[in-house]
Amino acid sequence: MARQVRRAFKYRFHPTGEQAAELSRTFGCVRLVYNKALEERTRAWNVERRRISYAQSSALLTQWKKTEELAFLAEVSCVPLQQALRHLQTAFTNFFAKRARYPRYKSRKRSRASADAGITSLVTLSTGEKVANPRQERRDRARLAKAQRELARKAPGSANRDKARRKVARVHARIADRRRDLLHKLSTRLVRENQTVVIEDLTVGNLLKNRTLARAISDAAWRELRSMLEYKCAWYGRELVVVDRWFPSSKLCAACGTICTKLPLDVREWTCECGAMHDRDVNAARNILAAGLAVTACGDGVRPQRDTSRTGHSSAKQETQRATAGIPHP
Ligand SMILES: [Zn+2]
């Protein structure tokens, strides 16, 4: 078969569960900072008749990070924390202008900040294209949660429980159908358009870290996509390269090869010391592509694992390590 021009594409799959955990940690910190600053401002006014400004509350935050019990605040991005203080400032400004009531403490139930976090894409391509989750996904998830709550309330063994259980199964099936449809279209397109496809693998460690439902579903979808790519690549005579997840794809600057030491998951864009500005996922996708091409350039002997999830994981890991050592850093 004639060798086609090699256009590699790669994409990465979002570690939805892990990311969600990091995000919920960030939102927890945001809430804590907001509430603590509100408490301090209230106390200062009630006790000392003193107003605390935004700048002063920001200085307080710096002090909190230095204390032993609040040192964990330094582990999340400072941007959303500063934002929380600005929101509090706005709330006070509105209160003083008699436009709003006195600021209330944020509760976990009321703050639903995670909805505009921007984690909506399922897969990112090295070209910068992002493939979104199926459009109905969020609504279906809400329906699923409702159906599950209803199921939990039905008496065991009752006809109503049986009905509720069938409803839960229907919603599950609908989510899976829509997801599968999207994965089929995506995998067919990727395989048709590219001679080599490079993907990022899930590691066993990642699988074990988080057993939440969201995580399990995303892993299942990931495996489904990977298996579609495997057989479609075989059909069309394409090459599929799997790059191990240990590879620091997000933190490595695709332009200069520097590894950024700290990159919290809620930081979606960053600037390297070399001046390159990166979209987190596109940068990672470019690194995965480079790693995958390095693998193929080394020949068959270092083709990474086809079946790491089942057998020979440690040796496969070594193979990938050797392979990715050859990534060219321009
Ligand atoms: Zn750089």
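## A guided look at the model

This is a predicted model, and its chain averages a pLDDT of 74, with 72% of the residues scoring at least 70. Where in the chain is confidence lowest, and where is it highest? The lowest value belongs to helix α9 (residues 313-324), with a mean of 29, while helix α5 (residues 159-193) has the highest, at 92. Over residues 300-330 the pLDDT is below 50, although this stretch has 51 contacts in the model beyond near neighbours in sequence. Residues 111-115 also stay under 50, and the model gives them 4 contacts beyond four places in sequence. Where pLDDT is low, the predicted coordinates should not be read in detail.

Now for the overall picture. The chain holds 9 helices and 7 strands. Of its 330 residues, 42% are buried. The chain exposes about 18,400 Å², and carbon and sulfur atoms supply 53% of that area. Among contacts between residues at least 6 apart in sequence, 72% join residues at least 24 apart.

Next, find the zinc ion. Which residues are its protein donors? They are C253, C256, C272 and C274, each through its SG atom, at 2.3 to 2.4 Å from the ion. The arrangement is tetrahedral because the 4 donor atoms subtend angles of 107 to 115° around the zinc ion. Along the sequence, the donor residues follow the spacing C-x2-C-x15-C-x1-C. C253 sits in the loop between β5 (239-243) and β6 (269-271), and C274 in the loop between β6 and β7 (277-279), so this pair ties together parts that are 21 residues apart in sequence. Are these two cysteines buried or exposed? C253 is buried, with a relative accessible area of 1%, whereas C274 is partly exposed at 43%.

| Residue | Relative accessibility | Class |
|---|---|---|
| C253 | 1% | buried |
| C274 | 43% | partly exposed |
| R49 | 56% | exposed |
| D140 | 1% | buried |

Let us look at one strand closely. Strand β4 (residues 196-200) is mostly covered, with 5 of its 5 residues buried. In a regular strand the side chains alternate between the two faces of the sheet. Here T196, V198 and E200 point one way from β4, V197 and I199 point the other way, and all are buried. How do β4 and β5 run relative to each other, parallel or antiparallel? They run parallel, joined by 5 bridges.

R49 lies in the loop between α1 (16-48) and α2 (54-66). Most residues other than glycine have a negative phi. R49 is not a glycine, yet its phi is positive, at about 55°. With 56% relative accessibility, R49 counts as exposed.

D140, by contrast, is found in helix α4 (residues 137-153). Its relative accessibility is 1%, which means that D140 counts as buried, the cut-off being under 20%. Which residues does D140 touch, not counting those up to four places away in sequence? They are V171, R174, I175 and R178.

Definitions and conventions
Residues are numbered from 1 along each chain as its sequence is written. This is a predicted model: local features need pLDDT of at least 70, side-chain atom pairs count only at pLDDT 80 or more; totals for chains, interfaces and linings use all residues. Side-chain values use heavy atoms; hydrogens and water are left out. Donors are N, O and S atoms within 2.8 Å of the metal (3.2 Å for Na, K and Ca); water is not among the atoms, so sites may look incomplete. Four donors count as tetrahedral if all angles lie between 85 and 135 degrees; four count as square planar and six as octahedral if opposite donors are over 155 degrees apart and all others between 65 and 115; anything else is irregular. Helices (H or I, at least four residues) and strands (E, at least two) are DSSP runs, numbered from the N terminus. Buried means under 20% relative accessible area, exposed over 50%, partly exposed in between (1.4 Å probe, protein chains only). pLDDT is the predictor's confidence in each residue, from 0 to 100. Contact means heavy atoms within 4.5 Å. Two strands pair if DSSP finds at least two bridges between them. Accessible areas come from the Shrake-Rupley method with a 1.4 Å probe; for residues, only the protein chains shown count as cover.
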